[in-house]
Amino acid sequence: PHPYDPRIMLSAGHDGNVFIWDLIRGTKTMHYFNMIEGQGHGAVFDCKFTTDGHRFAMTDSHGHLVIFGFGSSKPYEKLPDQVFFHTDYRPLIRDSNGFVLDEQTQQAPHLMPPPFLVDVDGNPHPPRENIADEHLVPQLGYVAT
């Protein structure tokens with residue numbers, strides 16, 4: 001649901017469709033199809049409005065994050081095209097109880113320190129200006145690629 005307008009609902013699915021609905025009229029006000037060049041559609045795994053309701057983001061089965069909103073995209077222009085967590089491709093194992101562990105540290109992935117951002121070759125991204133901490137807090141989560 002929209003964070004403050006009960007007439008608006010956001011829906012998305014594994015078929016690659018994202019809709020914004022007008023619940024009063026029972027109509028779609030916006031439609032986006034998540035087409036991935038050369039690969040067909042990408043299943044949408046999650047989609048959510050920001051707390052102010054002016055933007056929403058979706059993540060898909062290919063590890064993409066797409067942000068929709070009103071106004072300028074200027075704040076996002078300095079972001080790199082591809083960003084990964086340094087832990088994205090670390091090998092995982094299962095313990096005797098069947099729980100998943102990071103192979104190197106033998107810790108459950110959710111108990112490890114927050115990951116940092118790297119490029120496709122594993123090189124850390126340079127620190128950005130006016131950002132106090134480049135690490136993401138665990139509550140933000142991430143998309144497994």
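# Notebook: strands, sheets and rings

**Entry on Ile67.** I looked up Ile67 and found it in strand 8, residues 65–69. Helices (H or I, at least four residues) and strands (E, at least two) are DSSP runs, numbered from the N terminus. With a relative accessible area of 39%, Ile67 is partly exposed, where buried means under 20% relative accessible area, exposed over 50% and partly exposed in between (1.4 Å probe, protein chains only).

**Entry on the source.** I noted that this is a predicted model, in which local features need pLDDT of at least 70 and side-chain atom pairs count only at pLDDT 80 or more, while totals for chains, interfaces and linings use all residues. Residues are numbered from 1 along each chain as its sequence is written, and side-chain values use heavy atoms, with hydrogens and water left out.

**Entry on the whole chain.** I found 0 helices and 12 strands in the protein chain. Of its 145 residues, 24% are buried.

**Entry on the surface patch.** Ile67 also belongs to a nonpolar patch on the surface, which it forms with Leu65, Tyr76 and Leu79, and together they have about 360 Å² of accessible area. Patches are made of residues with over 30% relative accessible area and no salt bridge, where like charges are joined within 9 Å and nonpolar side chains (Val, Leu, Ile, Met, Phe, Trp, Tyr) within 5 Å. A salt bridge is a side-chain nitrogen of Lys or Arg within 4 Å of a carboxyl oxygen of Asp or Glu. The areas come from the Shrake-Rupley method with a 1.4 Å probe, and for residues only the protein chains shown count as cover.

I then followed the pairings one by one. Strand 6 pairs with strand 7 over 5 bridges in the antiparallel sense, and Val44 stands opposite Asp60 in strand 7. Strand 7 (residues 55–60) is joined to strand 8 by 5 bridges, again antiparallel, and Thr59 has Leu65 in strand 8 as its bridge partner. Strands 7 and 8 form a hairpin with 4 residues between them, and Gly63 in the turn has a positive phi of about 85 degrees.

**Entry on the sheet with strand 1.** I looked up another open sheet of 3 strands, in the order 1-2-3 and with antiparallel pairing. Strand 1 (8–12) and strand 3 (27–33) stand at its edges with a single partner strand each, so one side of each has no neighbour in the sheet. The twist averages 15 degrees from one strand to the next. Strand 2 (residues 17–22) and strand 3 are joined by 6 bridges and run antiparallel, with Phe19 opposite His31 in strand 3.

**Entry on the aromatic rings.** I counted rings of Phe, Tyr and Trp (its six-membered ring) as a pair if their centres lie within 6.5 Å, with planes under 30 degrees apart called stacked, over 60 edge-to-face and the rest tilted. By this rule there are 5 aromatic pairs. Phe19 and Trp21 form a tilted pair, at 5.4 Å centre to centre with 45 degrees between the planes. Phe19 counts as buried at 17% relative accessibility, whereas Trp21 is partly exposed at 27%.

Why is the pair of Tyr32 and Phe68 called edge-to-face? The ring centres of Tyr32 and Phe68 are 4.9 Å apart and their planes stand at 70 degrees, so the pair is edge-to-face. Tyr32 lies in strand 3 and Phe68 in strand 8, so this pair ties together parts that are 36 residues apart in sequence. Tyr32 is partly exposed at 23% relative accessibility, while Phe68 is buried at 17%. I also noted that Tyr32, Phe49, Phe56 and Phe68 form one aromatic cluster.

Gln106, in the loop between strand 11 (100–102) and strand 12, has a phi near 60 degrees, a positive value in a residue other than glycine. Gln106 is partly exposed at 46% relative accessibility. Gly122 lies in the segment after strand 12 (117–118) and is partly exposed at 42%. Gly122 and Thr87 are 35 residues apart in sequence and, C-alpha to C-alpha, 9.6 Å apart in space.

Conventions: Pairing = 2+ DSSP bridges. Axes fitted to C-alpha atoms, helices over the stretch in contact; angles between N-to-C directions.
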